[in-house]
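Please consult the sequence and the model shown here alongside the text.

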Amino acid sequence: MSAMKMLPAPFRPLVGAALAALSLLAHAQLSIEITGAGASRFPVAIPVFENEGSLPRAVTDVVRADLERSGLFSLIDLGLTPLPVTVTPDLPGLRGRGADAALAGSIYPQGDGRFEVRFRLFDTQKLNELGGLTMRMAPAQNRAIGHKIADFVYEKLTGQPGYFSTRIAYVVKSGSRYELQIADADGQNSATALASREPIISPAWAPDGQRLAYVSFESKKPVIYVHTLATGQRQVVANFKGSNSAPTWSPDGQRLAVVLTKDGQSQLYVLNADGSGVRRLATSSGIDTEPAWSPDGEWIYFTSDRGGSPQIYRSPANGGSAQRVTFEGSYNVTPRPAADGSSLAFITRNNGRFQVAIMDLATRQTTILTDSTRDESPSFAPNGRMILYATESGGRGVLAAVSSDGRVKQRLSVQAADVREPAWGPLLR
């Protein structure tokens with residue numbers, strides 16, 4: 001990535017248009033390579049469920065893959081012996097085999113083509129049950145049910161919500177074709193929400209997880225749309241003179257912060273989610289771009305070169321004086337606050353390399369999380385544990401993820417295509 005690629009969002013399409021042409025249609029699933037794991041992982045046994053063979057596709061395979069990919073768990077192999085949900089397992093025996101927790105579960109065919117899934121989670125150290133659930137499923141819902149079970153195990157054993165049932169959005173470029181794709185958080189089950197011969201950039205999830213805002217160049221200029229995923233309905237919400245870019249949602253899903261050039265250089269504006277009520281947030285002497293709302297709705301973080309180099313600032317969401325947030329280094333861009341408001345992910349230039357960094361907003365201590373050279377577009381998982389971002393590998397764009405402590409690392413790629421502009425969707429209860 002050249003320094004040019006790290007220019008603020010309004011300029012990214014110029015870079016995207018220069019990407020080399022690629023030959024294969026990019027509709028393949030993202031494949032995940034785990035390149036790093038936590039130093040201390042929790043040993044857990046996830047055996048096959050009783051009667052799981054009655055399902056066309058397994059559930060526990062999904063649970064195991066989710067937990068192992070998180071980098072927080074090691075799997076204890078119990079072979080093909082199930083632990084039925086109706087029987088309390090031999091917890092001291094499981095502890096003796098190395099498992100600190102174990103999942104017992106059963107599948108019950110319902111006679112209408114559906115199945116009932118029942119499971120219980122046990123702590124083999126404290127010799128007690130941590131809880132369980134009963135759910136109904138159609139055979140095609142094996143992945144969704146597996147993600148829900150993995151979320152349950154994750155939350156019970158870490159105290160944090162799981163993120164396996166969430167979705168991600170990203171843009172795949174193959175030849176002259178751009179596709180805005182939606183996939184499960186593990187990169188599987190992808191679907192194309194929009195395909196275009198013109199660039200698509202800056203997807204941003206609404207808090208309801210049902211809508212995406214993004215910038216499309218299909219009318220030969222950057223225009224902001226809001227897209228309802230279930231219906232495919234799209235609405236233009238910003239098509240002013242000049243550039244319309246970098247949409248981000250308010251925490252209540254009622255408003256968008258955007259970057260417009262209708263009055264000159266790039267400045268921050270706020271408008272209602274239907275495009276009405278546009279108002280300028282502030283007047284700056286520099287370029288202001290890449291806004292991101294704080295989770296409490298009080299602040300809007302953004303990138304500005306008003307001080308002579310790109311740095312991160314924040315302004316009150318209702319208007320007021322901007323405060324500079326980053327001071328280390330001469331290049332800090334793309335601020336993205338964690339959902340709990342405790343930290344801020346961003347891209348920093350470090351010895352000529354563009355890398356993902358995280359700032360503790362209480363202490364202002366900054367840690368660089370990656371060792372790559374061309375990172376961009378960081379996006380937190382809803383529980384703040386992982387950060388999804390775009391980078392380059394082998395001369396093409398790939399997605400990668402890193403844990404907020406930098407220990408767990410993953411790479412997600414589509415064969416022979418560029419993948420960029422990731423956005424991690426919200427947690428839906």
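This is a predicted model: local features need pLDDT of at least 70, side-chain atom pairs count only at pLDDT 80 or more; totals for chains, interfaces and linings use all residues.

Residues are numbered from 1 along each chain as its sequence is written, and side-chain values use heavy atoms, with hydrogens and water left out.

**Overall form**

- The chain contains four helices and 30 strands (DSSP runs, H or I of at least four residues for helices and E of at least two for strands, numbered from the N terminus).
- Along the principal axes, the C-alpha atoms occupy a box of roughly 70 × 45 × 40 Å.
- Buried residues (under 20% relative accessible area, with a 1.4 Å probe and protein chains only) make up 54% of the 429 residues.

**The second largest cavity**

- The structure has two cavities of 30 Å³ or more (a cavity is a set of points on a 1 Å grid over the protein atoms alone where a 1.4 Å probe fits but cannot get out).
- The second largest cavity has a volume of about 90 Å³, the volume being the space filled by probe spheres set on grid points joined across faces, edges and corners.
- Twelve residues line this cavity, and Arg-69, Tyr-163, Ala-185, Gln-410 and Trp-424 lie nearest its centre; lining residues have an atom within 4 Å of a point.
- Strand 27 (386-393) and strand 29 (409-413) are the elements that each give two or more residues to this lining.

Methods:
On a 1 Å grid over the protein atoms alone, a cavity is a set of points where a 1.4 Å probe fits but cannot get out, and a pocket is an open set with protein on both sides within 12 Å along at least five of seven lines; lining residues have an atom within 4 Å of a point. Buried means under 20% relative accessible area, exposed over 50%, partly exposed in between (1.4 Å probe, protein chains only).
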